[in-house]
Amino acid sequence: MSLWEYANPKKFMDWTAPVLPWVAGSAALCLSVGLIWGFFFTPDDFRQGSTVKIIYLHVPAALMAINAWLMMLVASLIWLVRRHHVSALAAKAAAPVGITMTLIALATGALWGSPIWGTYWEWDPRLTSFLILFLFYLGYMALWSAIEDPDTAADLTSILCLVGSIFAILSRYAAQFWSQGLHQGASLSLDKEKNVSDVFWQPLVITMIGFGLLFLALVLLRTRTEIRMRRIKALHARARRA
């Protein structure tokens, strides 16, 4: 059996129906454990005090904001090459989730940056690229809404997604590209010397897994909704022709 068969709308609805509750439940469990552990059972940092606990929202949200766009990129490429409608709908479904994660990252970053940098905003390379990524999310969603023909909308938004991927990559690696920026390096690294302390690292990893599962659950849910909406539109069109 080909993997592409699961991209068939009916089969997608069939296999995601039993999977979705498990993904959503796992997300709720990981987020509950990670956030409660992180906010209530970790000590204050010796430099940043309790402000450091914003890390449990900021880092996972920023990670998912970038990965959401990269997921949209993969889905858009599949649409352009294979013309699978579910992939285009999945990319469309991921955009509102991704822009929400971007907003959370920008807001929590401002709250975190104010006591550390002395300002809520600085035209730091990573912050600037993240703001541009947010604008690309807005443009992507607006383009879907502005074009009536769904296939044309999928084509144009896929091209926009290809262009916006540059800023998704810059958002991820800006701190390495421009070392003079204010933004710190990665909180998690293969280099143990660059990692946050284990007391913060463990609940952070659980929270990141929770955000990832939450993103997956929301994308599956929204993709199922998009498929249903497309079916309803097709039935209405058929009824008008009759």
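Student: What percentage of the 242 residues in the protein is buried?

Tutor: Welcome! This is a predicted model, where local features need pLDDT of at least 70, side-chain atom pairs count only at pLDDT 80 or more, and totals for chains, interfaces and linings use all residues. Residues are numbered from 1 along each chain as its sequence is written, and side-chain values use heavy atoms, leaving out hydrogens and water. Buried means under 20% relative accessible area, exposed means over 50%, and partly exposed lies in between (1.4 Å probe, protein chains only), and of the 242 residues in the protein the buried ones make up 40%.

Student: How many helices and how many strands are there in the protein?

Tutor: Helices (H or I, at least four residues) and strands (E, at least two) are DSSP runs, numbered from the N terminus. Along the sequence, the pattern reads α-α-α-α-α-α. The count is therefore six helices and zero strands.

Student: What share of the contacts with a separation of 6 or more joins residues 24 or more positions apart?

Tutor: A contact means heavy atoms within 4.5 Å. Among the contacts in the protein with a separation of 6 or more, residues 24 or more positions apart account for 76%.

Student: Are α2 and α3 roughly parallel or roughly antiparallel?

Tutor: Two packed helices are described by the angle between their axes and the distance between the axes. Axes are lines fitted to C-alpha atoms, for helices over the stretch in contact, and angles run from 0 to 180 degrees between N-to-C directions; here α2 (residues 55–82) and α3 (residues 85–117) pack at about 155 degrees with axes 7 Å apart. Angles under 35 degrees count as roughly parallel, over 145 as roughly antiparallel, 65 to 115 as roughly perpendicular and the rest as oblique. So α2 and α3 are roughly antiparallel.

Student: What is the handedness of the crossing of α3 and α4?

Tutor: The axes of α3 and α4 come within 9 Å and cross at roughly 150 degrees, which means that α3 is roughly antiparallel to α4. A crossing is left-handed if the near helix is turned anticlockwise from the far one by less than a right angle, and right-handed if clockwise. For α3 passing α4, the crossing is left-handed.

Student: Is Ala105 buried or exposed?

Tutor: Ala105 has its place in helix α3 and touches His58, Ala61, Ala62 and Phe130, residues up to four places away in sequence not counted. The C-alpha atoms of Ala105 and His58 are separated by 5.0 Å, although these residues are 47 apart along the chain. Because the relative accessibility of Ala105 is 3%, Ala105 counts as buried.

Student: What relative accessibility does Ser76 have?

Tutor: Ser76 is found in helix α2. Leaving aside neighbours within four places in sequence, Ser76 is in contact with Ala91, Ser158 and Cys161. Ser76 counts as buried because its relative accessibility is 1%.

Student: What is the phi of Arg83, which is not a glycine?

Tutor: Most residues other than glycine have a negative phi. Arg83 lies in the loop between α2 and α3 and is partly exposed, at 37% relative accessibility. Its phi is positive, at about 60 degrees.
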